Amino acid sequence: MLIARAPLRIGLAGGGSDVPPFCHEEGGSVINATIDKFVFAFLEESKNKEILFVNQDLDKVNKYNLNQIKEIDSQKSLIEGVYSYFCKRYNNGNLIALRIETYCEIPFGSGLGTSSTIVVALCELLNNFFNAKLSRYELAKVAYQIERENLGLAGGYQDHFSASFGGINMINIGPENHFNVENLNIKKQTLLQLESSILLAYSGLSRESEKIIIDQKLVYQKDSSISALRNIKHEAIKLKKIILNNDFESLFKIINYGWEQKKKTSKLVSNAYLDDLINTCFEFEAKACKVSGAGGGGFIIIMINPQKKYKLMKFLKTQHIFMLNFTFVNQGCVSWNI
């Protein structure tokens, strides 16, 4: 059996500037960090001419008989999309009897990049199986192509690169399909303080990031939206220096400013419930708050002095809000054989 594992991520700054057409026209910059919550993918060769795709999260099974079909509907799911791509690219279009399964430690719609991370894990799984020898950059770009272009699911680049590389990175995208991933060499004390200052609280609202991103594209040509994306990108560039200089007060300001700019890109990014919840966190002396990912629901990233954290956590528990414990991880997607 082959197993692949890829880390989820939290976005710190720049999210939205990595989404076309903006990043293709003006370039995008994102800073995100991978955490110790993962997506897993499993592969076994079948002995009975059966192709079996299992999505454990959705409790969904798609089954095919190799003797009865010559092609898989690549649009049916993420697994079909990745499987079809690799069979065409690395096996002359011939199908192989395989059992492929996936699951994620965090629910879909969390704002932690689950869907794209699943695609990266699947790509790494079949990269290993076919001995394709894809580099980290190639793995991320192939995953993006399959999810965004082949399957037509709207979104940006950052999740594929974060899952592929791992770590706290500055990711620069475009224009002209230029990519650069810079791992930030953060001091240990800064890393510990950053990790200890973040509280991940689940809003209780699941959302489809694709709907938000489609809406952002519809309003993209508005001057206010383009200006907001430019501001979001520039704040990510500023944040790199701020983190490396251990300047937390400036970090908090950038996170808050970035969230205000993000809300200008689509009316779906926030809502009254999220605004009220964030305002309540500030009443408990939070320093910065933003909704993770595209917005609209999922996890809220709350930054607060570690000494003040317990009081806020105690309150959130009374509101039946789930809080996720995490640590940062440096390792990106990996695969192994057992």
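The model is a predicted one, in which local features need pLDDT of at least 70 and side-chain atom pairs count only at pLDDT 80 or more, while totals for chains, interfaces and linings use all residues. Residues are numbered from 1 along each chain as its sequence is written, and side-chain values use heavy atoms, with hydrogens and water left out.

Rings of Phe, Tyr and Trp (its six-membered ring) pair if their centres lie within 6.5 Å, and planes under 30 degrees apart count as stacked, over 60 as edge-to-face and the rest as tilted. The ring centres of Phe248 and Phe252 are 6.2 Å apart and their planes meet at 55°, so this pair is tilted.

The structure holds 22 aromatic pairs. Another of these joins Tyr85 and Phe86 in an edge-to-face arrangement, 5.4 Å centre to centre and with 75° between the planes, and both of these residues are buried. One aromatic cluster is formed by Tyr137, Tyr144, Tyr157, Phe161, Phe165 and Phe179. Charges also meet rings here, a charge being over a ring if NZ of Lys or CZ of Arg is within 6 Å of the ring centre and within 35 degrees of the ring normal. Arg5 lies over the face of Phe38, at 4.1 Å from the ring centre, and Arg89 lies over the face of Tyr90, at 5.1 Å.

On a 1 Å grid over the protein atoms alone, a cavity is a set of points where a 1.4 Å probe fits but cannot get out, and its lining residues have an atom within 4 Å of a point. The structure holds 2 cavities of 30 Å³ or more, and about 120 Å³ of space lies in the largest cavity, its volume being the space filled by probe spheres set on the points, which are joined across faces, edges and corners. Of the 13 residues that line the largest cavity, Ala13, Gly14, Gly258, Trp259 and Lys290 are the closest to its centre. Two or more lining residues come from each of strand 1 (2-13), helix 8 (223-244), helix 9 (248-263) and strand 9 (286-291), and helix 9 gives the largest share, 5 residues. At least three lining residues come from each of domain 1 (2-185) and domain 2 (188-324), with bounds taken from an automatic or database domain assignment.

Most residues other than glycine have a negative phi, and most peptide bonds are trans. Asn246, in the loop between helix 8 and helix 9, has a positive phi near 60°, and it is partly exposed, with a relative accessible area of 29%. Lys49, in the loop between strand 2 (28-45) and strand 3 (50-55), likewise has a positive phi of about 60° although it is not a glycine. The peptide bond from Pro20 to Pro21 is cis, with omega near 5°, and Pro21 belongs to the loop between strand 1 and helix 1 (22-26).

Technical notes:
On a 1 Å grid over the protein atoms alone, a cavity is a set of points where a 1.4 Å probe fits but cannot get out, and a pocket is an open set with protein on both sides within 12 Å along at least five of seven lines; lining residues have an atom within 4 Å of a point. Helices (H or I, at least four residues) and strands (E, at least two) are DSSP runs, numbered from the N terminus. Buried means under 20% relative accessible area, exposed over 50%, partly exposed in between (1.4 Å probe, protein chains only).
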